Amino acid sequence: FDETEQKCRNVIAQFPDGEFEAESFLDDDAVQKGEPVKMHAKVTVKAGDMTMDLSGCSGERKAGINSRTLAAARIAYKALTAPTEPVNEGSFRGLKVIIPEGNIMMARYPAPMAAWSQILPMVVDTIVSALADSVPERVPAAHFGLMGNNGVFFGVNPATHRRFVVSCSSGGGWGGRPTEDGESAAVTVCQGDVRNSSVEEMEMKSPVLIKTRGLRPDSGGPGKFRGGLGSTMEILSLTEGRWNLGGTRRLKCPPWGLNGGLPGEAGLKFLRKPGEAEFGNVNATRQLVPAQTEVLIHAGSGGGWGDPLDRDPESVRWDVIEEMVSRESADENYGV
């Protein structure tokens with residue numbers, strides 16, 4: 001424990017001393033509509049010690065996104081100090097976390113917590129980005145940053161007369177980094193032990209057909225190092241059932257870029273019932289739909305790092321060849 005603590009303190013001792021702040025927000029929480037959910041971090045560095053103060057975050061909400069955890073601060077600290085080292089309690093001795101009671105991150109009973117982990121990755125991004133000017137060589141642009149950016153279809157399978165639940169989860173993009181592009185279609189920083197279900201498994205166990213699962217072209221934020229692409233899924237439901245398709249809440253604060261990089265795309269969800277010509281944007285809970293309804297789920301993507309005009313033209317060319325970036329985007333954003 002002592003050795004791990006000292007390793008972490010040695011890293012922080014290389015950071016400039018001072019107070020650093022960053023802020024982000026959700027558009028709303030789907031209950032208190034139109035009222036942003038603020039995430040604010042103040043990070044203080046002093047001689048190897050680090051304090052993360054989340055007092056500026058929103059107070060408790062009526063929606064079930066409240067939490068009571070130090071996880072966001074600890075994940076951010078681990079990422080900044082020793083991301084590839086094993087974890088023990090010594091890993092966090094050099095960190096002080098301030099979260100007052102009644103904060104969205106330190107909610108009190110009986111505040112609802114049904115989706116308590118949803119905003120944790122965005123809080124981690126906010127904490128880390130506070131240090132973007134202080135230690136730019138360590139700080140990436142924001143990733144898609146919301147857990148649970150998926151669709152859930154459930155009901156009774158008429159072929160087996162058994163209940164089914166299928167979670168159509170798909171990965172999003174990570175932010176561009178000081179030395180390389182962000183990863184595409186990965187889980188969030190808080191989901192290291194989570195994997196996407198295979199298409200074959202979902203189709204075998206539930207009455208759905210996965211028509212498309214792939215990367216979402218042009219979704220990664222342009223930059224010297226491009227943001228990772230989000231994924232896209234098109235699902236056809238083969239029987240009547242109900243969809244949970246919580247709408248995006250990051251349209252006004254999409255995953256941000258750094259050092260001149262442009263933001264990534266927020267996640268989006270669409271639904272098209274039989275007989276309808278076009279997909280319509282949807283924000284639905286337990287919505288009953290007939291068989292042959294189609295759902296389209298776009299996961300969010302990562303922001304870009306650095307000025308897009310500084311990107312290696314050869315990298316842009318390969319992005320176009322690999323259909324990650326369109327010719328139009330190459331011209332408009334990269335001048336290639």
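Asp181 and Arg311 form a salt bridge in which the closest N and O atoms lie 2.9 Å apart. This pair links distant parts of the chain, with Asp181 in the loop between strand 6 (162-168) and helix 4 (199-205), and Arg311, 130 residues apart from it, in the loop between strand 13 and helix 5 (313-321). The model is a predicted one, and the count of salt bridges in it comes to 22.

**Salt bridges**

- Asp2 and Arg93 meet through their side chains in a salt bridge of 2.5 Å, N to O, which connects helix 1 (residues 2-12) with the loop between helix 2 (71-81) and strand 4 (95-98) across 91 residues.
- Asp2 is exposed, with a relative accessible area of 56%, while Arg93 is partly exposed at 39%.
- Salt bridges with shared partners join Asp2, Glu5, Arg9, Asp49 and Arg93 into one network.

- The buried residues of helix 6 are Ser329, Ala330 and Tyr334, and they lie on the same side of the helix because they cover an arc of only 105 degrees around the axis.
- The face turned away from that buried side carries the exposed residues Arg327, Glu328, Asp331 and Glu332.
- Glu328, with a relative accessible area of 57%, belongs to a surface patch of negative charge together with Asp218, Glu265, Asp331 and Glu332.

**Strand 13**

- His298 is found in strand 13 (residues 293-298) and is buried, with a relative accessible area of 16%.
- His298 and Gly172 are 126 residues apart in sequence, yet 8.6 Å apart in space, C-alpha to C-alpha.

How values were computed
Residues numbered from 1 in each chain as written. Predicted model: local features only at pLDDT ≥ 70, side-chain atom pairs only at ≥ 80, totals over all residues. Heavy atoms only, no water. Patch = residues over 30% accessible without salt bridge, like charges linked within 9 Å, V, L, I, M, F, W, Y side chains within 5 Å. Areas by Shrake-Rupley, 256 points an atom, 1.4 Å probe, with all protein chains shown as cover. Salt bridge = Lys/Arg side-chain N within 4 Å of Asp/Glu carboxyl O. Lys, Arg positive; Asp, Glu negative; His and termini not counted. Charge placed at Lys NZ, Arg CZ, Asp CG, Glu CD. Buried < 20%, exposed > 50% of the residue type's maximum accessible area, 1.4 Å probe, protein only. Helix = DSSP H or I, 4+ residues; strand = E, 2+ residues; numbered from the N terminus. Arc of directions from axis to C-beta.
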